[in-house]
Amino acid sequence: FGIRRTVKQQWFYWFVIILVFLNTACVAAEHYNQPQWLSDFLYYAEFIFLGLFIFEMLIKMYALGPRIYFESSFNRFDCVVISGSIFEVIWSYFKSESFGLSVLRALRLLRIFKVTKYWSSLRNLVISLLSSMRSIISLLFLLFLFILIFALLGMQLFGGSFNFPEGTPAANFNTFSIALLTVFQILTGEDWNEVMYHGIASQGGTKSGMIYSLYFIILVIFGNYTLLNVFLAIAVDNLANAQELTAAEEEQEEEDKEKQQAELEKELEALQNNADGPPKVEICPPSPGGENKMNSKGDGTKDTEEAAENQEEDMGGPKPMLPYSSMFILSPTNPIRRAAHWVVNLRYFDVFIMIVISLSSIALASEDPVREDSDINQILNYFDYAFTGVFAIEMILKVIDLGVIFHPGSYLRDFWNIMDSVVVICA
(Lines give C-alpha, C1' and ligand atoms only; values in the text may rest on other atoms or scores of the structure.)
Protein backbone atom coordinates (compact mmCIF):
# COMPACT_ATOMS: atom_id res chain seq x y z
CA PHE A 1 0.00 0.00 0.00
CA GLY A 2 2.91 2.35 0.65
CA ILE A 3 4.34 1.77 -2.83
CA ARG A 4 0.90 2.16 -4.35
CA ARG A 5 0.49 5.49 -2.56
CA THR A 6 3.93 6.54 -3.80
CA VAL A 7 3.29 5.89 -7.49
CA LYS A 8 0.19 8.07 -7.25
CA GLN A 9 2.07 11.04 -5.80
CA GLN A 10 2.51 14.25 -7.79
CA TRP A 11 6.30 14.09 -7.64
CA PHE A 12 6.29 10.61 -9.22
CA TYR A 13 4.12 11.95 -12.05
CA TRP A 14 6.58 14.78 -12.77
CA PHE A 15 9.53 12.40 -12.47
CA VAL A 16 8.15 10.23 -15.29
CA ILE A 17 7.39 13.33 -17.40
CA ILE A 18 10.97 14.58 -17.00
CA LEU A 19 12.33 11.14 -17.93
CA VAL A 20 10.23 11.09 -21.11
CA PHE A 21 11.45 14.53 -22.19
CA LEU A 22 15.08 13.73 -21.38
CA ASN A 23 14.79 10.51 -23.40
CA THR A 24 13.30 12.53 -26.27
CA ALA A 25 16.17 15.02 -26.08
CA CYS A 26 18.74 12.22 -26.23
CA VAL A 27 17.07 10.68 -29.25
CA ALA A 28 16.92 14.08 -30.98
CA ALA A 29 20.59 14.83 -30.19
CA GLU A 30 21.84 11.99 -32.39
CA HIS A 31 23.14 13.31 -35.72
CA TYR A 32 25.45 12.52 -38.58
CA ASN A 33 29.21 12.78 -37.98
CA GLN A 34 28.72 13.31 -34.24
CA PRO A 35 31.73 13.20 -31.86
CA GLN A 36 32.65 9.93 -30.21
CA TRP A 37 31.94 11.19 -26.69
CA LEU A 38 28.35 11.98 -27.68
CA SER A 39 27.92 8.53 -29.21
CA ASP A 40 29.19 6.89 -26.02
CA PHE A 41 26.99 9.11 -23.85
CA LEU A 42 23.86 8.36 -25.88
CA TYR A 43 24.71 4.65 -25.86
CA TYR A 44 24.84 4.42 -22.08
CA ALA A 45 21.97 6.89 -21.62
CA GLU A 46 19.74 4.56 -23.64
CA PHE A 47 20.39 1.75 -21.16
CA ILE A 48 19.78 4.09 -18.20
CA PHE A 49 16.44 5.28 -19.56
CA LEU A 50 15.41 1.74 -20.46
CA GLY A 51 16.27 0.57 -16.94
CA LEU A 52 14.28 3.41 -15.38
CA PHE A 53 11.24 2.69 -17.53
CA ILE A 54 11.49 -1.02 -16.72
CA PHE A 55 11.68 -0.15 -13.02
CA GLU A 56 8.62 2.10 -13.38
CA MET A 57 6.67 -0.67 -15.11
CA LEU A 58 7.62 -3.31 -12.53
CA ILE A 59 6.94 -1.14 -9.49
CA LYS A 60 3.53 -0.11 -10.83
CA MET A 61 2.72 -3.71 -11.70
CA TYR A 62 3.68 -4.73 -8.13
CA ALA A 63 1.70 -1.89 -6.52
CA LEU A 64 -1.46 -2.27 -8.59
CA GLY A 65 -1.33 -5.98 -9.30
CA PRO A 66 -1.05 -7.48 -12.79
CA ARG A 67 -4.81 -7.60 -13.37
CA ILE A 68 -5.46 -3.93 -12.54
CA TYR A 69 -2.25 -2.85 -14.28
CA PHE A 70 -3.15 -4.46 -17.61
CA GLU A 71 -6.72 -3.13 -17.52
CA SER A 72 -5.33 0.23 -18.65
CA SER A 73 -4.65 0.52 -22.37
CA PHE A 74 -1.77 2.91 -21.70
CA ASN A 75 -0.13 0.41 -19.37
CA ARG A 76 -0.43 -2.28 -22.03
CA PHE A 77 1.12 0.13 -24.54
CA ASP A 78 4.02 0.82 -22.14
CA CYS A 79 4.56 -2.90 -21.62
CA VAL A 80 4.68 -3.58 -25.38
CA VAL A 81 7.12 -0.72 -26.05
CA ILE A 82 9.43 -1.70 -23.18
CA SER A 83 9.33 -5.39 -24.15
CA GLY A 84 10.27 -4.46 -27.72
CA SER A 85 13.15 -2.33 -26.48
CA ILE A 86 14.41 -5.18 -24.29
CA PHE A 87 14.27 -7.56 -27.24
CA GLU A 88 16.20 -5.08 -29.40
CA VAL A 89 18.91 -4.75 -26.75
CA ILE A 90 19.23 -8.53 -26.43
CA TRP A 91 19.37 -8.89 -30.23
CA SER A 92 22.08 -6.23 -30.46
CA TYR A 93 24.11 -8.03 -27.78
CA PHE A 94 24.10 -11.43 -29.49
CA LYS A 95 24.38 -10.06 -33.03
CA SER A 96 27.23 -8.00 -34.38
CA GLU A 97 24.86 -5.40 -35.83
CA SER A 98 21.75 -3.74 -34.48
CA PHE A 99 18.46 -3.32 -36.26
CA GLY A 100 19.40 0.31 -36.87
CA LEU A 101 16.23 2.21 -37.71
CA SER A 102 14.12 -0.91 -37.94
CA VAL A 103 10.72 -1.26 -36.35
CA LEU A 104 11.95 -2.57 -33.01
CA ARG A 105 14.67 0.05 -32.76
CA ALA A 106 12.15 2.76 -33.52
CA LEU A 107 9.89 1.50 -30.73
CA ARG A 108 11.88 3.57 -28.26
CA LEU A 109 10.51 6.68 -29.99
CA LEU A 110 7.03 5.60 -28.94
CA ARG A 111 7.97 6.24 -25.33
CA ILE A 112 7.24 9.90 -26.08
CA PHE A 113 3.56 8.94 -26.09
CA LYS A 114 3.88 8.17 -22.38
CA VAL A 115 3.27 11.87 -21.81
CA THR A 116 -0.34 11.41 -22.96
CA LYS A 117 -0.97 9.19 -19.95
CA TYR A 118 -0.26 12.05 -17.53
CA TRP A 119 -1.76 14.88 -19.60
CA SER A 120 -5.53 14.54 -19.19
CA SER A 121 -6.66 16.75 -22.09
CA LEU A 122 -4.18 15.16 -24.49
CA ARG A 123 -5.13 11.69 -23.25
CA ASN A 124 -8.82 12.43 -23.87
CA LEU A 125 -8.00 13.59 -27.39
CA VAL A 126 -6.20 10.30 -28.07
CA ILE A 127 -9.11 8.34 -26.60
CA SER A 128 -11.61 10.25 -28.75
CA LEU A 129 -9.55 9.58 -31.87
CA LEU A 130 -9.31 5.87 -31.05
CA SER A 131 -13.05 5.65 -30.38
CA SER A 132 -13.77 7.00 -33.87
CA MET A 133 -11.32 4.66 -35.59
CA ARG A 134 -14.21 2.63 -37.02
CA SER A 135 -15.42 5.62 -39.04
CA ILE A 136 -11.87 6.59 -39.98
CA ILE A 137 -11.02 3.04 -41.12
CA SER A 138 -14.17 2.91 -43.25
CA LEU A 139 -13.24 6.26 -44.78
CA LEU A 140 -9.69 5.06 -45.40
CA PHE A 141 -10.99 1.99 -47.19
CA LEU A 142 -13.28 4.16 -49.31
CA LEU A 143 -10.35 6.45 -50.13
CA PHE A 144 -8.22 3.43 -51.06
CA LEU A 145 -10.94 2.17 -53.43
CA PHE A 146 -11.16 5.66 -54.94
CA ILE A 147 -7.38 5.77 -55.51
CA LEU A 148 -7.41 2.20 -56.87
CA ILE A 149 -10.17 2.94 -59.40
CA PHE A 150 -8.54 6.15 -60.66
CA ALA A 151 -5.14 4.47 -60.85
CA LEU A 152 -6.55 1.72 -63.06
CA LEU A 153 -8.47 4.28 -65.10
CA GLY A 154 -5.31 6.35 -65.51
CA MET A 155 -3.46 3.26 -66.78
CA GLN A 156 -6.16 2.72 -69.38
CA LEU A 157 -6.12 6.37 -70.50
CA PHE A 158 -2.46 7.39 -70.18
CA GLY A 159 -0.49 4.13 -69.90
CA GLY A 160 2.62 4.35 -72.08
CA SER A 161 1.75 7.84 -73.37
CA PHE A 162 3.93 9.80 -70.93
CA ASN A 163 7.11 8.64 -72.68
CA PHE A 164 8.07 12.00 -74.21
CA PRO A 165 11.23 12.61 -76.31
CA GLU A 166 12.77 14.58 -73.43
CA GLY A 167 12.14 11.68 -71.05
CA THR A 168 9.46 10.08 -68.91
CA PRO A 169 8.37 12.17 -65.89
CA ALA A 170 8.41 10.60 -62.44
CA ALA A 171 4.61 10.90 -62.20
CA ASN A 172 3.21 8.59 -64.89
CA PHE A 173 0.78 5.71 -65.39
CA ASN A 174 3.08 3.12 -66.94
CA THR A 175 2.81 0.66 -64.04
CA PHE A 176 0.23 0.01 -61.37
CA SER A 177 2.45 0.99 -58.45
CA ILE A 178 3.56 4.26 -60.07
CA ALA A 179 -0.06 4.99 -61.01
CA LEU A 180 -1.09 4.65 -57.35
CA LEU A 181 1.63 7.08 -56.31
CA THR A 182 0.67 9.50 -59.08
CA VAL A 183 -2.99 9.52 -58.01
CA PHE A 184 -1.94 10.02 -54.38
CA GLN A 185 0.30 12.92 -55.43
CA ILE A 186 -2.62 14.53 -57.26
CA LEU A 187 -4.85 14.15 -54.19
CA THR A 188 -2.29 15.87 -51.98
CA GLY A 189 -2.20 18.81 -54.42
CA GLU A 190 1.54 18.48 -55.03
CA ASP A 191 2.14 19.78 -58.58
CA TRP A 192 -1.01 18.03 -59.83
CA ASN A 193 -1.51 20.58 -62.62
CA GLU A 194 1.85 19.56 -64.13
CA VAL A 195 0.62 15.97 -64.32
CA MET A 196 -2.57 17.23 -65.97
CA TYR A 197 -0.57 19.18 -68.57
CA HIS A 198 1.48 16.06 -69.33
CA GLY A 199 -1.77 14.13 -69.77
CA ILE A 200 -3.15 16.71 -72.20
CA ALA A 201 0.13 16.84 -74.15
CA SER A 202 0.29 13.04 -74.36
CA GLN A 203 -3.12 12.93 -76.06
CA GLY A 204 -2.44 15.44 -78.82
CA GLY A 205 -2.15 18.76 -77.00
CA THR A 206 -4.81 21.41 -76.47
CA LYS A 207 -6.60 20.66 -79.73
CA SER A 208 -7.58 17.04 -79.15
CA GLY A 209 -6.45 16.32 -75.59
CA MET A 210 -8.38 18.90 -73.58
CA ILE A 211 -11.18 16.40 -72.91
CA TYR A 212 -8.72 14.32 -70.87
CA SER A 213 -8.41 17.15 -68.35
CA LEU A 214 -11.79 16.03 -66.99
CA TYR A 215 -10.05 12.99 -65.48
CA PHE A 216 -7.82 15.20 -63.34
CA ILE A 217 -10.59 17.71 -62.51
CA ILE A 218 -12.93 14.98 -61.27
CA LEU A 219 -10.10 13.36 -59.33
CA VAL A 220 -9.23 16.62 -57.55
CA ILE A 221 -12.82 17.66 -56.85
CA PHE A 222 -14.09 14.34 -55.48
CA GLY A 223 -10.83 13.15 -53.95
CA ASN A 224 -9.11 16.22 -52.58
CA TYR A 225 -12.02 18.57 -51.90
CA THR A 226 -14.49 15.92 -50.72
CA LEU A 227 -12.97 12.72 -49.32
CA LEU A 228 -9.85 14.18 -47.73
CA ASN A 229 -11.79 17.02 -46.11
CA VAL A 230 -13.98 14.46 -44.36
CA PHE A 231 -10.89 13.61 -42.28
CA LEU A 232 -10.80 17.24 -41.14
CA ALA A 233 -14.47 17.08 -40.18
CA ILE A 234 -13.88 13.92 -38.13
CA ALA A 235 -10.87 15.53 -36.45
CA VAL A 236 -12.89 18.63 -35.49
CA ASP A 237 -15.66 16.43 -34.11
CA ASN A 238 -13.10 14.47 -32.08
CA LEU A 239 -11.70 17.71 -30.65
CA ALA A 240 -15.17 18.66 -29.44
CA ASN A 241 -15.65 15.21 -27.91
CA ALA A 242 -12.27 15.43 -26.19
CA GLN A 243 -13.14 18.82 -24.66
CA GLU A 244 -16.46 17.47 -23.40
CA LEU A 245 -14.70 14.44 -21.92
CA THR A 246 -12.15 16.65 -20.17
CA ALA A 247 -14.90 18.85 -18.70
CA ALA A 248 -16.80 15.77 -17.52
CA GLU A 249 -13.67 14.41 -15.84
CA GLU A 250 -13.11 17.69 -14.03
CA GLU A 251 -16.70 17.68 -12.80
CA GLN A 252 -16.31 14.08 -11.68
CA GLU A 253 -13.15 14.96 -9.75
CA GLU A 254 -15.00 17.76 -7.96
CA GLU A 255 -17.85 15.41 -7.08
CA ASP A 256 -15.38 12.80 -5.81
CA LYS A 257 -13.69 15.39 -3.59
CA GLU A 258 -17.06 16.44 -2.16
CA LYS A 259 -18.02 12.82 -1.50
CA GLN A 260 -14.68 12.14 0.20
CA GLN A 261 -15.14 15.22 2.37
CA ALA A 262 -18.66 14.14 3.31
CA GLU A 263 -17.49 10.62 4.17
CA LEU A 264 -14.67 12.04 6.28
CA GLU A 265 -17.15 14.19 8.21
CA LYS A 266 -19.40 11.17 8.81
CA GLU A 267 -16.45 9.16 10.12
CA LEU A 268 -15.51 11.97 12.48
CA GLU A 269 -19.09 12.17 13.77
CA ALA A 270 -19.15 8.40 14.25
CA LEU A 271 -15.88 8.57 16.21
CA GLN A 272 -17.31 11.29 18.42
CA ASN A 273 -20.50 9.27 19.05
CA ASN A 274 -18.41 6.21 19.93
CA ALA A 275 -16.43 8.31 22.38
CA ASP A 276 -19.63 9.56 24.03
CA GLY A 277 -21.30 6.15 24.42
CA PRO A 278 -21.43 2.50 23.31
CA PRO A 279 -21.66 1.94 19.57
CA LYS A 280 -25.09 1.44 18.15
CA VAL A 281 -25.78 -1.28 15.68
CA GLU A 282 -27.82 -0.06 12.75
CA ILE A 283 -29.56 -2.38 10.35
CA CYS A 284 -29.31 -1.00 6.83
CA PRO A 285 -32.58 -1.15 4.91
CA PRO A 286 -32.57 -2.62 1.47
CA SER A 287 -31.37 -0.23 -1.18
CA PRO A 288 -34.19 1.73 -2.78
CA GLY A 289 -35.10 0.60 -6.22
CA GLY A 290 -33.49 -2.79 -5.78
CA GLU A 291 -36.66 -4.62 -6.68
CA ASN A 292 -37.21 -2.32 -9.61
CA LYS A 293 -33.68 -3.07 -10.84
CA MET A 294 -34.41 -6.77 -10.74
CA ASN A 295 -37.67 -6.25 -12.58
CA SER A 296 -36.05 -4.09 -15.21
CA LYS A 297 -33.38 -6.73 -15.53
CA GLY A 298 -36.02 -9.31 -16.20
CA ASP A 299 -37.75 -7.06 -18.70
CA GLY A 300 -34.43 -6.46 -20.44
CA THR A 301 -33.89 -10.20 -20.65
CA LYS A 302 -37.33 -10.63 -22.20
CA ASP A 303 -36.63 -7.83 -24.69
CA THR A 304 -33.32 -9.44 -25.62
CA GLU A 305 -34.98 -12.82 -26.14
CA GLU A 306 -37.73 -11.25 -28.28
CA ALA A 307 -35.15 -9.38 -30.37
CA ALA A 308 -33.20 -12.60 -30.88
CA GLU A 309 -36.36 -14.45 -31.93
CA ASN A 310 -37.26 -11.66 -34.37
CA GLN A 311 -33.73 -11.75 -35.78
CA GLU A 312 -33.95 -15.49 -36.26
CA GLU A 313 -37.29 -15.07 -38.01
CA ASP A 314 -35.82 -12.40 -40.30
CA MET A 315 -32.75 -14.46 -41.16
CA GLY A 316 -34.53 -17.74 -41.56
CA GLY A 317 -35.64 -18.94 -45.00
CA PRO A 318 -34.71 -17.81 -48.50
CA LYS A 319 -35.64 -14.47 -50.02
CA PRO A 320 -39.12 -14.70 -51.58
CA MET A 321 -39.68 -14.25 -55.31
CA LEU A 322 -41.36 -11.07 -56.52
CA PRO A 323 -45.09 -11.65 -57.23
CA TYR A 324 -44.86 -10.17 -60.73
CA SER A 325 -44.27 -11.60 -64.19
CA SER A 326 -40.67 -11.07 -65.22
CA MET A 327 -40.53 -9.24 -68.59
CA PHE A 328 -44.30 -10.03 -68.93
CA ILE A 329 -43.29 -13.59 -69.86
CA LEU A 330 -41.99 -15.54 -66.87
CA SER A 331 -44.50 -16.02 -64.05
CA PRO A 332 -43.44 -16.79 -60.44
CA THR A 333 -44.10 -20.48 -61.14
CA ASN A 334 -41.99 -20.64 -64.29
CA PRO A 335 -39.22 -23.25 -63.81
CA ILE A 336 -36.59 -21.11 -65.60
CA ARG A 337 -37.30 -18.15 -63.34
CA ARG A 338 -37.38 -20.35 -60.24
CA ALA A 339 -33.97 -21.78 -61.19
CA ALA A 340 -32.53 -18.28 -61.73
CA HIS A 341 -34.00 -17.16 -58.38
CA TRP A 342 -32.43 -20.16 -56.66
CA VAL A 343 -28.99 -19.44 -58.15
CA VAL A 344 -28.85 -15.71 -57.34
CA ASN A 345 -29.98 -16.40 -53.76
CA LEU A 346 -27.42 -19.07 -53.05
CA ARG A 347 -25.50 -18.55 -49.84
CA TYR A 348 -22.11 -17.99 -51.51
CA PHE A 349 -23.26 -16.41 -54.79
CA ASP A 350 -22.37 -12.85 -53.71
CA VAL A 351 -19.06 -14.08 -52.28
CA PHE A 352 -18.25 -15.72 -55.62
CA ILE A 353 -19.04 -12.48 -57.48
CA MET A 354 -16.83 -10.51 -55.08
CA ILE A 355 -13.97 -12.93 -55.70
CA VAL A 356 -14.40 -12.53 -59.46
CA ILE A 357 -14.41 -8.73 -59.06
CA SER A 358 -11.18 -8.91 -57.05
CA LEU A 359 -9.54 -11.17 -59.64
CA SER A 360 -10.68 -8.84 -62.43
CA SER A 361 -9.15 -5.85 -60.61
CA ILE A 362 -5.89 -7.76 -60.15
CA ALA A 363 -5.89 -8.57 -63.88
CA LEU A 364 -6.40 -4.90 -64.75
CA ALA A 365 -3.53 -3.89 -62.47
CA SER A 366 -1.27 -6.55 -64.04
CA GLU A 367 -1.66 -5.28 -67.60
CA ASP A 368 1.31 -3.69 -69.35
CA PRO A 369 0.06 -0.38 -70.80
CA VAL A 370 3.41 0.39 -72.47
CA ARG A 371 3.55 -2.76 -74.65
CA GLU A 372 0.00 -3.61 -75.63
CA ASP A 373 1.04 -6.72 -77.62
CA SER A 374 3.04 -8.25 -74.78
CA ASP A 375 2.56 -11.89 -73.78
CA ILE A 376 1.05 -10.99 -70.41
CA ASN A 377 -1.57 -8.79 -72.07
CA GLN A 378 -2.56 -11.59 -74.47
CA ILE A 379 -3.00 -14.01 -71.56
CA LEU A 380 -4.96 -11.44 -69.53
CA ASN A 381 -7.17 -10.83 -72.57
CA TYR A 382 -8.54 -14.39 -72.29
CA PHE A 383 -9.13 -13.88 -68.58
CA ASP A 384 -11.04 -10.71 -69.46
CA TYR A 385 -13.34 -12.76 -71.69
CA ALA A 386 -14.01 -15.11 -68.77
CA PHE A 387 -14.68 -12.30 -66.31
CA THR A 388 -16.99 -10.52 -68.74
CA GLY A 389 -18.87 -13.78 -69.31
CA VAL A 390 -19.37 -14.29 -65.57
CA PHE A 391 -20.69 -10.76 -65.10
CA ALA A 392 -22.97 -11.10 -68.13
CA ILE A 393 -24.40 -14.36 -66.78
CA GLU A 394 -24.97 -12.69 -63.39
CA MET A 395 -26.87 -9.81 -65.04
CA ILE A 396 -29.01 -12.19 -67.16
CA LEU A 397 -29.91 -14.33 -64.14
CA LYS A 398 -30.93 -11.28 -62.10
CA VAL A 399 -33.00 -9.86 -64.98
CA ILE A 400 -34.80 -13.21 -65.34
CA ASP A 401 -35.44 -13.31 -61.58
CA LEU A 402 -36.37 -9.65 -60.94
CA GLY A 403 -37.60 -8.37 -64.30
CA VAL A 404 -36.27 -5.30 -66.08
CA ILE A 405 -37.89 -2.08 -64.82
CA PHE A 406 -41.69 -1.94 -64.91
CA HIS A 407 -42.58 -3.32 -61.45
CA PRO A 408 -41.30 -2.58 -57.92
CA GLY A 409 -38.10 -4.40 -57.03
CA SER A 410 -37.07 -4.94 -60.65
CA TYR A 411 -33.46 -4.99 -61.79
CA LEU A 412 -33.01 -1.44 -63.12
CA ARG A 413 -34.74 0.17 -60.12
CA ASP A 414 -31.56 -0.26 -58.12
CA PHE A 415 -28.67 2.17 -58.70
CA TRP A 416 -25.95 -0.46 -58.33
CA ASN A 417 -27.68 -2.74 -60.84
CA ILE A 418 -27.80 0.16 -63.31
CA MET A 419 -24.05 0.66 -62.88
CA ASP A 420 -23.42 -3.08 -63.28
CA SER A 421 -25.52 -3.25 -66.47
CA VAL A 422 -23.70 -0.25 -68.02
CA VAL A 423 -20.31 -1.81 -67.25
CA VAL A 424 -21.30 -5.24 -68.61
CA ILE A 425 -22.88 -3.86 -71.78
CA CYS A 426 -19.86 -1.65 -72.50
CA ALA A 427 -17.55 -4.62 -71.88
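Are Tyr-215 and Phe-216 buried or exposed? Both are buried (under 20% relative accessible area, with exposed over 50% and partly exposed in between; 1.4 Å probe, protein chains only). The model is predicted, so local features need pLDDT of at least 70 and side-chain atom pairs pLDDT 80 or more, while totals for chains, interfaces and linings use all residues. Residues are numbered from 1 along each chain as its sequence is written, and side-chain values use heavy atoms, without hydrogens and water.

Start with the whole protein. It has 17 helices and zero strands (DSSP runs numbered from the N terminus: H or I of at least four residues for helices, E of at least two for strands). Of the 427 residues, 30% are buried.

Next, select Tyr-215 and Phe-216. Their rings form an edge-to-face aromatic pair, 5.0 Å centre to centre with 90 degrees between the planes. Rings of Phe, Tyr and Trp (its six-membered ring) pair if their centres lie within 6.5 Å; planes under 30 degrees apart are stacked, over 60 edge-to-face and the rest tilted. The whole structure holds 19 aromatic pairs.

With Phe-216 it makes a tilted pair, at 5.4 Å between centres and 35 degrees between planes. Phe-158 lies in helix H9 and Phe-216 in helix H12, so this pair ties together parts 58 residues apart in sequence. Phe-158 has a relative accessible area of 0%, and Phe-216 also has 0%. To show the aromatic cluster these rings belong to, select Phe-146, Phe-150, Phe-158, Phe-162, Phe-164, Phe-173, Tyr-212, Tyr-215 and Phe-216.

Now show the largest nonpolar core, which has 29 residues (buried Ala, Val, Leu, Ile, Met, Phe, Trp, Tyr and Cys joined through side-chain atoms within 4.5 Å). Phe-173, Val-183, Leu-187, Val-195, Tyr-215, Phe-216 and Leu-219 touch the most other members. Helices H9 (133-158), H10 (176-188), H11 (192-202) and H12 each supply at least two residues of this core. H9 gives the largest share, eleven residues. Apart from this core lies another, of 19 residues, including Val-16, Met-61, Tyr-69 and Ile-82.

Centre on Leu-219. Beyond its neighbours within four places in sequence, Leu-219 is in contact (heavy atoms within 4.5 Å) with Phe-146, Phe-150, Val-183, Ile-186, Leu-187 and Asn-224.

Finish on Tyr-225, which lies in H12 (residues 213-276). At 55% relative accessibility, Tyr-225 counts as exposed.
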